[in-house]
Amino acid sequence: MHKTLKILCIGLGLASMTSCHNTTYKETQDPAEQEISRKVDSVLSLMTLQEKIGQTVLYSSIEDVTGPTLDTNYMNYLKNGEIGAIFNATGSSFTRELQKIAVEETRLGIPLLFGYDVIHGYKTIFPIPLGESASWDMDLMEKSARVAAEEATAAGLHWTFAPMVDISRDARWGRVAEGGGEDTYLGSLIAKARVKGFQGEDLSDINTLLACAKHYAAYGAAQAGRDYHTVDMSELSLREYYLPPFQAAVDADVATVMTAFNELNGVPATGNSYLLKDVLRDQMGFNGFVVTDYTSINEMVPHGYARDLQHAGEMAMNAGVDMDLQGGVYKDYLKKSLDEKNVDMERLDQAVRNILRLKFKLGLFEDPYRYSNEELETEVVLSEENLAFAREVAQKSMVLLKNDKQTLPLKDNQKIALIGPLAADEFHIIGNWSGRGDRDGTAVSIKEGFEAQNKTFTYVKGSEITGDDRSGFQSAVNLAKQSDVAVLVVGESERMSGEAASRTNIRIPEIQRELIKAVKATGTPLVLVLYNGRPLNLVEENEMADAMLEAWFPGTSGGHAVTDVLYGRYNPAGKLTLTFPRNVGQVPIHYNMKNTGRPQDLEGAHPRYVSRYIDVENAPLFPFGYGLSYTSFNYSQPQLSSTTLRDGEKLTIITEVTNTGDYDGEEVVQLYIKDRFGSVTRPVKELKAFQKISLKKGETQKVSFEISVDDLKFYNRDLEFVNEAGQYDLFVAGSSDHAFTNSFELKMRDTQNNL
Ligand code: NOJ
């Protein structure tokens, strides 16, 4: 029988049925899932051991390596039916070509799965995820993931290694650029929005990508912010802060999960059966497949956890890892491990089922080429509509950090000196992990943005991003002297954040800081536009600049968006999702820290013997939730529906927000609470709700929040997720940096305070 015909028969459930009915995903009553389960079993029954192992093997098509390449023989393996998935192969024609080999030249013709890091766009690149998160706009983030999925699937892809849902509080760690910031509540909402965006309504639609929640788990807590470093963390912190975004992704039905590189409390995540089986499968209810990070099975040897590669593979497989990304360990050793009875056939079958199930859900058995569609690819990728949407997302991601004397927005009649190594840049602007985004001129630089809107300006580069060439300084200074405002576009290169880009110095590179000082000395009003993938120490810049706009790496349409914001065509409303410290010594720093027994602000505290630094204040430069607007907002004292909250009830909190400035604007209205004491200590504040509102100048809007008993639960010492009765404080504001204004009491039935 012809291979494609065979697959079609299997797809229709006509092939012989196997006796094995043991599914690894949730036992389901859903007839569609039952049907898929039957089809999966029927394919499985036809497979040889080598073919089964092949389904667990994922290789890169060479480019975009993020570790040792190890093995470049993927084409031979493909022809032998020894791999089930390929990553980094993109484009309709290339994926079609590879798929054809899998379908026509292998014994069973099982279609390949094509994966890729579609992190913030495929070819139309959106701002880096940390930037997008500053929009606090879930619909926007869902839609940008949707657009990324539409472009990527039109180019033959089935699967993205995103979203990264790692909570991190460490500006040294370069990968904060890829995530949603430091807060668990916000991070969980973002995880859900991004999974929904990538996966759409139904995986069988041809524009949906399998999502991948990564890196499981606690990767963002690497010691000293050094990438891949050790994580040692209490179970309480893990449960309360680091796992909930994964739970949110699982609740949104995320198809796959990627294991982290790091060890957690002595056990590498990739061989951690507690994390993968007990927590992910049994407690969270995950029913997709688990893939490793790049060669992370192999890395259990240098971790000092596995004796050799075979042992590493056994631990990964037995812990519940279904697919080996680039390591080749399953390919080379699984058969031996099965022969030696260190791995059961049933466990391998489970892994294969988990993978085949998703291939069926994507519709690949019906039509293996359905995603490789040249016409659609040309139509969808970089469409006008997508570029316009990328501009909107970039506008909404920007955070106005400072704006003295209303330096911004710029006026059309001002002569602008546009200076800096990133002002005319079309390379770094799309940031790290930017898919197939072009770095050769497709992106719109700020200079091009100014030109497109006919602004009056002159451009001088001034310096490179790094190095010690000061030869451009003088012309930058001369230009600034003759101009009304100097706009300097400065910051990091795209390679200074992202994977393997940890920094112990989180300042703008030295040469650029000198350039800023030189321009500042002219006395011309100074605006800094910042490109960076992490919080930076901006203490000196904050003193020098009249205005600072955090633009992150704003993506393909970034230059238009920055121009829109600088000239007030869009009034910025972004709020930080990661604290900006005063210096690297404060790191890790986050808004929801613990109070300690000796907080500085305690009444009667000794001036010296308190928890503080002797050389810098405790507060960060810019706190979580902070961000200015061209207008101003006034918040009324919140009104509470009651001063008590009982089991089963809800507490309503209403605040009036008024736009008191001269521009229409948007504001992220944030509600924070503090649990005064508990059986385990509680953070000084916790974000519990927020709403993004839009107000015309002079307009007032009532913003109403509801808090239920469930919103106040936390993990106690026995790791139970519970409520504890007691007094809570709250405030509603436009930043986390605000005093408490109200309080209420939580009364529970099962306490002395019972009703
Ligand atoms: C390593 C990275 O940690 C991970 O996030 C990425 O998805 C893989 N490489 C594949 O490129």
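In this predicted model, K396 counts as buried because its relative accessibility is 13%, which falls under the 20% cut-off. The partner of K396 in a salt bridge is E392, with 3.2 Å between the closest N and O atoms. E392, at 31% relative accessibility, counts as partly exposed. Both residues sit in helix α16 (residues 384-397), and because K396 and E392 are four residues apart there, about one helical turn separates them.

R534 forms a salt bridge with E492, and the closest N and O atoms lie 2.8 Å apart. R534 belongs to the loop between β15 (526-531) and α20 (539-544), while E492 belongs to the loop between β14 (485-491) and α19 (510-520), so that this pair links distant parts of the chain, 42 residues apart. On the side of the arginine, R534 has a relative accessibility of 0% and counts as buried; E492 is likewise buried, its relative accessible area being 0%.

D322 and R347 are both buried.

For the model overall, the count comes to 49 salt bridges.

Conventions
Residues are numbered from 1 along each chain as its sequence is written. This is a predicted model: local features need pLDDT of at least 70, side-chain atom pairs count only at pLDDT 80 or more; totals for chains, interfaces and linings use all residues. Side-chain values use heavy atoms; hydrogens and water are left out. A salt bridge is a side-chain nitrogen of Lys or Arg within 4 Å of a carboxyl oxygen of Asp or Glu. Buried means under 20% relative accessible area, exposed over 50%, partly exposed in between (1.4 Å probe, protein chains only). Helices (H or I, at least four residues) and strands (E, at least two) are DSSP runs, numbered from the N terminus.
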